[in-house]
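Here's a quick tour of a protein model. Keep the 3D view open while you read.

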Amino acid sequence: MADIILNVEVRERTGTGGARATRREGKVPGVLYGGAKDPVAIAVKSNEFRKALYTGKLLGHLVTLKYGEETQPVIAKAVDMHPVTDEPWHFDLYRVDEHQQIRIAVPVHFRNADASPGLKRGGTLNVVLHEVELNCPADHIPEEIIHDLTGLDIGETIRISSLKLPAGVTAAASGNLVVATVAGSAAAASAANAEGAEA
């Protein structure tokens with residue numbers, strides 16, 4: 001189960017005026033939706049919400065929502081930030097069953113750039129997708145997908161089908177979708193041309 005617990009209270013007032021009043025009380029307004037139940041307007045104390053948000057484990061992770069003595073697993077689907085103050089402004093939580101299959105976006109990261117012949121020769125890694133949509137159980141959401149760049153040369157393409165996904169996790173998109181490419185720089189291309197001319 002999740003290690004983040006959000007203590008929520010139900011908001012009586014909804015709409016713009018209700019959200020404004022909630023913020024004046026030092027709370028972040030949100031909505032709980034999903035499952036067979038109706039959406040519920042909720043709020044969390046601003047300092048508690050910020051603390052949960054800045055752990056980096058709030059968005060896209062299974063979180064325990066606590067209301068009085070009741071608890072239930074939820075996933076934070078969206079957090080809106082204030083454009084000027086960058087404070088959390090509104091959030092959406094989605095009800096889930098712990099073992100329910102869900103579709104969620106997970107970040108893709110790359111490692112071993114120094115073991116890629118293409119990058120060592122001055123090529124660049126052009127990342128097309130910074131995150132990929134996955135189908136996985138709600139209680140087994142990967143933190144990230146890591147792709148090893150070892151051996152990749154200029155002109156090679158990393159597709160979704162190339163990614164190593166954990167057991168029980170599948171890609172929601174087509175396997176042919178391009179995640180990243182190793183492209184040659186102008187300097188690398190001219191060096192290759194010069195080598196070709198000398199030969």
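## A pair of strands

Which residue of β6 does T64 stand opposite? It's P73. Strand β5 (residues 62-67) and strand β6 (residues 70-81) run antiparallel and are joined by six bridges. Strands here are DSSP runs of E with at least two residues, helices are H or I runs of at least four, and both are numbered from the N terminus.

## What you're looking at

This is a predicted model, where local features need pLDDT of at least 70 and side-chain atom pairs count only at 80 or more, while totals for chains, interfaces and linings use all residues. Residues are numbered from 1 along each chain as its sequence is written, and side-chain values use heavy atoms, leaving out hydrogens and water.

## The sheet

Seven strands make an open sheet in the order β1-β5-β6-β7-β3-β4-β2, with mixed pairing. Because β1 (5-7) and β2 (9-10) sit at the edges with a single partner strand each, one side of each has no neighbour in the sheet. Two strands pair if DSSP finds at least two bridges between them.

## R11 in its loop

Look at the loop between β2 and α1 and you'll find R11.

What does a polar atom of the R11 side chain lie 2.8 Å from? The backbone oxygen of I42.

Technical notes. A polar contact is a pair of N or O atoms within 3.5 Å; within protein, one must be able to donate a hydrogen and the other to accept it, and residues adjacent in sequence count only if both atoms are side-chain atoms.
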